Amino acid sequence: MLSLSARSLFLCVETRIRATSQSMEDPSSKEEMSKVLEVLEALKQASQELQTHPSPGNGQSNTLAIKALLELETESDALLSKDPHLCTLSQHLSNLKSLVDTLQNSHGLINFLTRRVSTHSISRVAGSIETEIQAWIDRETVEKLLHFLKFPADNEEELVGLLGQLEKRTSQGFDPELQDLVLKSKVLSYLERILCDNSFSQSFREQCAFVVASLIQFNRNVFAGQVLMGPLVHALLSMASRKAMEVLCLFIKSIKSPLVDEIESNGGIPIIICFMDYKDLQIRVLAMDTILEIGYFGRKEAIDAMLKEGLVQKLVELQRSELGGDLIDMGISDEKENRDGEGNRESIVRETREKRLILESRPFASCVARFAVQLEVGEGLRQREKRAFKQEILE
């Protein structure tokens, strides 16, 4: 579980806590940071194991978990307790040591209740330790990421890995401490700068785009504003790639009508419509998906802009192509009727599954009707506007 000895662990922690001013350009500093992250991940795993099996002696992994955490308490307590970020962790480790001592000294039936309480407390303290260790990992990771983002041209390979870690971390749910770290480090501004710089590789810029999308999904209210005010949408459209279109769809789903307004006001609608003529089928399919999202969230100006670009005619052409067709002719209806009964609900579920399979092989099937339905059920239009657009599409 923990490949480093307690002494080695202590030396790594000591180096990182005391050498805060050490230059990251020093290879030894980079190596120390990597070692610390490795140790912290192992300690987090130990705390997770202890939450599942809090009783000492409950298997080898449990024994190793307790040993690893108590070694950290013994070797590094003096350092941890002096660091404002780590003093809480130091207290939790001290509490764990006391609980383990109490549990190991409890014998006989008289102390059965004491053992039960101590076991529950160990599990709870282990959870608190995991939270503090995760916060420590986040600080180390963001610090390392921030340094590399300041010199991206020299650290592109390292950045790809770190950006993947941040994307994975934000997908685990909201964390106010992580949000504060990202805001204070201005990570989003650095990502925006890379995204808008054509000198970087397209794959690197796409990775940055996915991280931006993950931050918006992490907390739309905080991070969406920078996307709306900055040139990110234009940068995505200029890339004209599959992954860039995927990110644009994620942006629209997260930010909704305000982002569609931004796309329309900056002339993005004609560019998206043009993607429907690309030879790359996947880009055409993603352009179709983007148009459906715009149809759902777009206000009158955005829908007008799409129709003026000849969207309906393009949809008709795609529907008549070999990748199109009519879902009704395939036994699938475009709208779900209101039916009663368990059997009918199962029928709807089955029909939805069949429709998904058909659209995988024939992505432009009933695309005109699907677009019309998006307008009908969407959030961006008033009822009278929906009726007017429906009539215009039918004509």
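**A friendly note on an all-helix-and-loop reading of the chain**

1. Residues 24 or more positions apart account for 70% of the contacts in the protein chain that have a separation of 6 or more. Please keep in mind while you look around that this is a predicted model.

2. Next, the overall make-up. How many helices and strands does the protein chain have? The secondary structure comes to 20 helices and zero strands. The chain has 395 residues, and buried residues make up 48% of them.

3. You will find Ser-47 in helix 2, which covers residues 27-52. Is Ser-47 buried or exposed? Ser-47 counts as buried because its relative accessibility is 0%, and the cut-off for buried is under 20%. Leaving aside residues up to four places away in sequence, Ser-47 touches Leu-69, Ala-126, Ile-129 and Glu-130.

4. Now turn to a pair of helices. Helix 8 (residues 187-195) packs with helix 9 (residues 202-218) at an angle of about 145 degrees, and their axes are 9 Å apart. The crossing of helix 8 past helix 9 is left-handed. On the helix 8 side, the contact is made by Leu-188, Leu-191, Ile-194 and Leu-195. Helix 9 brings Phe-204, Arg-205, Cys-208, Ala-209, Val-211, Val-212 and Leu-215. Sorted by class, this contact of helix 8 with helix 9 has ten nonpolar residues, no polar ones and one charged one.

5. Most residues other than glycine have a negative phi. Lys-186 has a phi near 55 degrees, a positive value in a residue other than glycine. Lys-186 sits in the loop between helix 7 (176-185) and helix 8. With a relative accessible area of 53%, Lys-186 is exposed, since the cut-off for exposed is over 50%.

6. The loop between helix 18 and helix 19 holds Ser-366. Is Ser-366 buried or exposed? Ser-366 counts as buried, because its relative accessibility is 2%.

7. Let us move on to empty space inside the model. Rolling a probe the size of a water molecule over the atoms shows where empty space is left. The structure holds three cavities of 30 Å³ or more, and the largest cavity has about 40 Å³ of space. Which residues line the largest cavity? They are Ala-372, Leu-375, Glu-376, Lys-386, Phe-389, Lys-390 and Ile-393. Helix 19 (367-377) and helix 20 (383-394) are the elements that give two or more residues to this lining, and helix 20 gives the most, with four. By class, the lining of the largest cavity has four nonpolar, no polar and three charged residues.

8. Finally, a pocket. The second largest pocket holds about 470 Å³ of space. Its lining has 17 residues, and Asp-289, Leu-292, Leu-359, Arg-370 and Gln-374 lie nearest the centre of the pocket. At least two lining residues each come from helix 12 (242-255), helix 15 (281-297), helix 18 (342-361) and helix 19. Which helix supplies the largest share of the lining of the second largest pocket? That is helix 15, with six residues. The lining of this pocket divides into nine nonpolar, one polar and seven charged residues.

Note on methods: Residues numbered from 1 in each chain as written. Predicted model: local features only at pLDDT ≥ 70, side-chain atom pairs only at ≥ 80, totals over all residues. Heavy atoms only, no water. Buried < 20%, exposed > 50% of the residue type's maximum accessible area, 1.4 Å probe, protein only. Contact = heavy atoms within 4.5 Å. Axes fitted to C-alpha atoms, helices over the stretch in contact; angles between N-to-C directions. Left-handed = near helix turned anticlockwise from the far one by under 90°. Nonpolar A, V, L, I, M, F, W, Y, C, P; charged D, E, K, R; others polar. 1 Å grid on protein atoms, 1.4 Å probe; cavity = no way out; pocket = protein on both sides within 12 Å on 5 of 7 lines; lining within 4 Å. Points joined across faces, edges and corners; volume = space filled by probe spheres on them.
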